[in-house]
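Subject: Structure handover

Hello,

Here is the structure for you to look through. My notes on it follow below.

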Amino acid sequence: MFYGIVENPDSPFRPGQPVGSDQAYEAYMSWKSGSRYWKLSEVAYADILAGVAASVADPSLKALADGLLGEEDPDNPHWVKFENGYHEIVLDLSEKDEVDHIMVRFLNYHLQGIGLPEKLYLYISDDAEVWNLAAI
């Protein structure tokens with residue numbers, strides 16, 4: 001599919017596919033204006049995550065806290081695969097720190113039966129005993 005950037009999304013003369021053109025335009029304008037989403041994406045793709053200090057108690061989840069980004073390939077070893085059902089992941093930042101943003105990245109590849117979770121709950125704690133719901 002061809003995606004084109006349009007200068008005016010209301011224009012009747014759009015290059016490419018109408019839906020794709022609008023999406024590309026909106027994404028471009030969002031990036032150009034310095035949207036928080038794009039800043040987090042740039043951090044992830046620039047491998048700046050390697051400086052994040054976090055640990056997980058479960059060794060099978062180690063890849064979630066190693067600071068390495070899973071490429072868009074289901075066989076990439078930096079992805080962690082979960083079967084259907086409830087899962088709990090605890091990331092320990094090792095010291096108290098203010099958390100401004102959290103970005104979660106998933107692989108969505110239905111050809112191999114890989115899909116997105118139905119729901120994700122994010123809880124935060126200062127003491128690992130009292131947990132407060134931060135986002136759904």
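Is Y28 buried, exposed or partly exposed? Y28 has a relative accessible area of 34%, so it counts as partly exposed. Here buried means under 20% relative accessible area, exposed means over 50%, and partly exposed is in between (1.4 Å probe, protein chains only).

Before the rest, two notes on how to read this. The model is predicted: local features need pLDDT of at least 70 and side-chain atom pairs count only at pLDDT 80 or more, while totals for chains, interfaces and linings use all residues. Residues are numbered from 1 along each chain as its sequence is written, and side-chain values use heavy atoms, with hydrogens and water left out.

Overall layout

The protein chain contains 2 helices and 4 strands, in the order α-α-β-β-β-β from the N terminus. These are DSSP runs numbered from the N terminus: helices are H or I with at least four residues, strands are E with at least two. The chain has 136 residues, and 18% of them count as buried. It exposes about 11100 Å², of which carbon and sulfur atoms supply 53%; accessible areas come from the Shrake-Rupley method with a 1.4 Å probe, and for residues only the protein chains shown count as cover. Among contacts (heavy atoms within 4.5 Å) with a separation of 6 or more, 30% are between residues 24 or more positions apart.

The aromatic pair

The count of aromatic pairs is 1. Y28 and W31 make up this pair, which is tilted, at 6.0 Å centre to centre and 35° between the planes. The rule takes rings of Phe, Tyr and Trp (its six-membered ring) with centres within 6.5 Å; planes under 30 degrees apart are stacked, over 60 edge-to-face, and the rest tilted. Both residues lie in helix α1 (residues 18-32), 3 residues apart, about one turn of the helix. W31 is also partly exposed, at 42% relative accessibility.

S125 sits in the loop between β3 and β4 (132-135). Its side chain makes a polar contact of 3.1 Å with the side chain of D127. A polar contact is a pair of N or O atoms within 3.5 Å; within protein, one must be able to donate a hydrogen and the other to accept it, and residues adjacent in sequence count only if both atoms are side-chain atoms. A polar atom of the S125 side chain also lies 2.7 Å from the backbone nitrogen of A128. Leaving out residues up to four places away in sequence, S125 touches V130 and W131.

Regards
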